[in-house]
Amino acid sequence: AGNVGKMLARLCCNEKALGEAFTLGTGEKYTWGEVADMYTEVTGLEFEWTDIETYLSVATRRRYMDRCILLYDRIWDRAIDNSKVMEATGMRPEEIVGIREGLIYEFQLMMDRPDIYARTDTDYAREVNARLDTYFTENGTECEKN
């Protein structure tokens with residue numbers, strides 16, 4: 001999010017950006033399995049892989065858009081080339097925070113600022129968490145409670 005914020009800030013009122021379309025991202029290329037491994041390394045969390053239909057029924061509101069988002073963001077092997085936005089903004093590669101470093105930063109922020117994390121405790125989050133707890137309990141994987 002910090003990388004995208006920097007990019008957006010440098011695109012605003014930037015003459016090189018007028019009339020152009022940009023895709024914002026780090027430019028890093030990882031599989032979702034590799035990203036999951038980073039989460040495990042940084043947090044100690046382990047992942048339970050599941051099929052698409054189970055995920056949609058347990059972890060979403062089961063709307064058509066949830067399916068579209070999942071398929072677009074996670075199923076297709078998309079690589080984001082950020083060279084256009086880097087050139088337009090004058091950003092250098094060393095200004096980009098890598099995914100692993102970003103995870104470390106964000107999880108440390110959650111530990112240092114529980115008030116920020118508390119804002120994610122919504123009715124919808126509690127509903128999804130309850131469905132996840134039920135799913136894992138019924139399928140032989142017990143969720144740890146905080």
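Cysteine 13 is out in the open in this predicted model, exposed at a relative accessible area of 82%. The residue turns up in the loop between α1 and α2 (32-43), and its phi is near 60°, a positive value in a residue other than glycine. Arginine 62 does something along those lines, with phi near 65°, again positive and again not a glycine; this one lies in the loop between α3 (52-59) and α4 (64-75). For background, most residues other than glycine have a negative phi.

Leaving aside residues up to four places away in sequence, alanine 17 touches Leu11 and Phe22.

Phe22 also shows up in a charge–ring arrangement: the charged end of lysine 84 sits over the ring of phenylalanine 22, 5.0 Å from its centre. Over at tyrosine 124, the charged end of arginine 61 sits above the ring, at 3.8 Å from the ring centre.

Tyrosine 135 counts as partly exposed because its relative accessibility is 24%, while phenylalanine 136, at 18%, is buried. Elsewhere, Tyr39, Phe47, Trp49 and Phe107 come together as one aromatic cluster.

Methods
Residues are numbered from 1 along each chain as its sequence is written. This is a predicted model: local features need pLDDT of at least 70, side-chain atom pairs count only at pLDDT 80 or more; totals for chains, interfaces and linings use all residues. Side-chain values use heavy atoms; hydrogens and water are left out. Contact means heavy atoms within 4.5 Å. Helices (H or I, at least four residues) and strands (E, at least two) are DSSP runs, numbered from the N terminus. Buried means under 20% relative accessible area, exposed over 50%, partly exposed in between (1.4 Å probe, protein chains only). Rings of Phe, Tyr and Trp (its six-membered ring) pair if their centres lie within 6.5 Å; planes under 30 degrees apart count as stacked, over 60 as edge-to-face and the rest as tilted. A charge sits over a ring if NZ of Lys or CZ of Arg is within 6 Å of the ring centre and within 35 degrees of the ring normal.
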